[in-house]
Amino acid sequence: MLLEVKELTKIYNVGLLRRKEIIAVKDVSFDVKPEMFLSLVGESGSGKTTTAKIILKLIKPTSGSIIFEGQNIEGINTLKDLRRYWRNVHGIFQDPYASFNPFHKVDRALGQAFTLLEGSNFDKESIINEALREVGLRPEEVLGKYPHELSGGQRQRIMIARCYILKPKLILADEPLSMIDASTRAGILKLFSKLRDEHKTSVIFITHDLGLAYYVSDEILIMYKGSIVERGPPHEIIEKPQAQYTKRLVEDVPLLYKKWSGF
Ligand SMILES: Nc1ncnc2c1ncn2[C@@H]1O[C@H](COP(=O)(O)OP(=O)(O)O)[C@@H](O)[C@H]1O
Ligand SMILES: [Mg+2]
């Protein structure tokens, strides 16, 4: 197993005296195998981002554990080990603009990927050019530009190009398409499947859009109010939803998706 998420719970203490408890994630368990495309689907507030942040070791769970390649990530403490973990488990977020420093050319965001790699003898220029072409960008159309000079889709493609430099074992993409123009979403989503097919990268794709998840996933987990209420292969989820919440989600999947999938 590549990643094991075991009985994860996260409680936030909020309010003036931090006495009010919000159970953001409640007893969540799932496994990610190598080369697996897993989608975590649920409406806003269901605990998806909290789960992602815990897996990326950006926040600590209240209880439960994350086991990566057999090792509890709680034991990762040195900067060197953290770097290695983030090279293997790479996060991609909703707002690609926020992932850039607006005062620096986009070249820098690509160059920074090399700081996570071991060794120093890289032909950075040719690796960057190659990675950009892999994600459907012409190097000359984006290099030397500032983030605001590019489209949202181009910015997210650059973030994915970093995956072609790092070759992580697991990509955790948290709503990577929600700020992207609808017409270019499918093309960008395909880049994640391409990474899986060509580099055996596993993907955890987080989305509120069951229709998008349907196309690319090996397995779908439905999350509702912090818990996983249903899980299974996409056709089972769409054709025979069991949980009340999943039934509602399936009804909301646009007709077009249902037509394509033979409904
Ligand atoms: N830092 C935080 N402090 C307090 N509550 C939070 C924090 N982050 C998230 N929450 C709450 O936890 C719940 C789950 O949030 P989140 O994990 O962001 O869900 P999703 O990504 O599915 O929208 C929500 O009720 C949200 O308001
Ligand atoms: Mg979120």
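This is a predicted model: local features need pLDDT of at least 70, side-chain atom pairs count only at pLDDT 80 or more; totals for chains, interfaces and linings use all residues.

Residues are numbered from 1 along each chain as its sequence is written, chains are lettered from A and ligands numbered from 1 in the order in which they are written, and side-chain values use heavy atoms, with hydrogens and water left out.

Select ligand 1 first, together with the residues near it (one heavy atom within 4 Å), among them Tyr12, Val14, Glu43, Lys48 and Thr49. Oxygen atoms of ligand 1 lie 2.8 Å from a side-chain N or O atom of Lys48, 2.8 Å from one of Thr49, and 3.1 Å from a polar backbone atom of Ser46. Of the 560 Å² of accessible area that ligand 1 has on its own, the protein covers 62% (Shrake-Rupley method, 1.4 Å probe). Now colour β1 (3-14), β2 (20-32) and α1 (48-55), the elements that each give two or more residues to this shell; α1 supplies the largest share, 3 residues. Helices here are DSSP runs of H or I with at least four residues, and strands are E runs of at least two.

Next, select Ser202 in strand β8 (residues 202-207), which counts as buried because its relative accessibility is 0%, the cut-off being under 20%. A polar atom of the Ser202 side chain lies 2.9 Å from the backbone nitrogen of Glu35. Leaving aside residues up to four places away in sequence, Ser202 also touches residues including Leu2, Pro34, Met36 and Ile171, where contact means heavy atoms within 4.5 Å.

Terms used. A polar contact is a pair of N or O atoms within 3.5 Å; within protein, one must be able to donate a hydrogen and the other to accept it, and residues adjacent in sequence count only if both atoms are side-chain atoms. Buried means under 20% relative accessible area, exposed over 50%, partly exposed in between (1.4 Å probe, protein chains only).
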